[in-house]
Amino acid sequence: AAWKVLKFVHNRADLNLVTSPQMKEELEANGIERVEVWRKGIDVDVFQPKYKDEETRNMLTDGHPEAPLLLYVGRLGQEKRLKDLREVLRANPTYRLAFVGKGPEREELEAYFKGTNT
């Protein structure tokens, strides 16, 4: 019954966007039309090692450019569960973590990660 409702609603749309080829295949197999994959990934022409910048890496690692760097780029919101990354830092004391972005949880994250390699 759920597919019947989904088909009715989605087939009224000019375009249905999904995030993977597998999801597109499933929707089309269940009769949903005009489905396209929306790749929200990284633009590999813009973001690639040839643009490596030592000054930026030094800043993001707080002066430890040789350390493994975990980098989050995006909106700083509670729904992203970014606080979960503190456990990763605890388990890997040589890692560095950097957040790049804005959002309602920025100040809380700064306080939460204070004293860590962030």
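**Burial, surface and pocket**

Author: Leu89 sits in helix 4 (residues 85-91); helices are DSSP runs of H or I with at least four residues, strands runs of E with at least two, numbered from the N terminus. This is a predicted model, where local features need pLDDT of at least 70, side-chain atom pairs count only at pLDDT 80 or more, and totals for chains, interfaces and linings use all residues. Residues are numbered from 1 along each chain as its sequence is written, and side-chain values use heavy atoms, without hydrogens and water.

Reader: Is Leu89 buried or exposed?

Author: Buried means under 20% relative accessible area, exposed over 50%, partly exposed in between (1.4 Å probe, protein chains only). Leu89 has a relative accessible area of 8%. Therefore Leu89 is buried.

Reader: Is Phe47 buried or exposed?

Author: Phe47 lies in the loop between strand 2 (35-37) and helix 3 (54-60). Its relative accessibility is 59%, so Phe47 counts as exposed.

Reader: Which residues lie nearest the centre of the largest pocket?

Author: A pocket is an open set of points on a 1 Å grid over the protein atoms alone, where a 1.4 Å probe fits, with protein on both sides within 12 Å along at least five of seven lines; lining residues have an atom within 4 Å of a point. The lining here counts 14 residues. Helix 3 and strand 3 (69-73) each give two or more of them. Nearest the centre are Phe47, Thr56, Leu60, Leu71 and Val73.

Reader: How far apart are the C-alpha atoms of Leu89 and Thr118?

Author: Along the chain, Leu89 and Thr118 are 29 residues apart. Their C-alpha atoms are separated by 8.8 Å.
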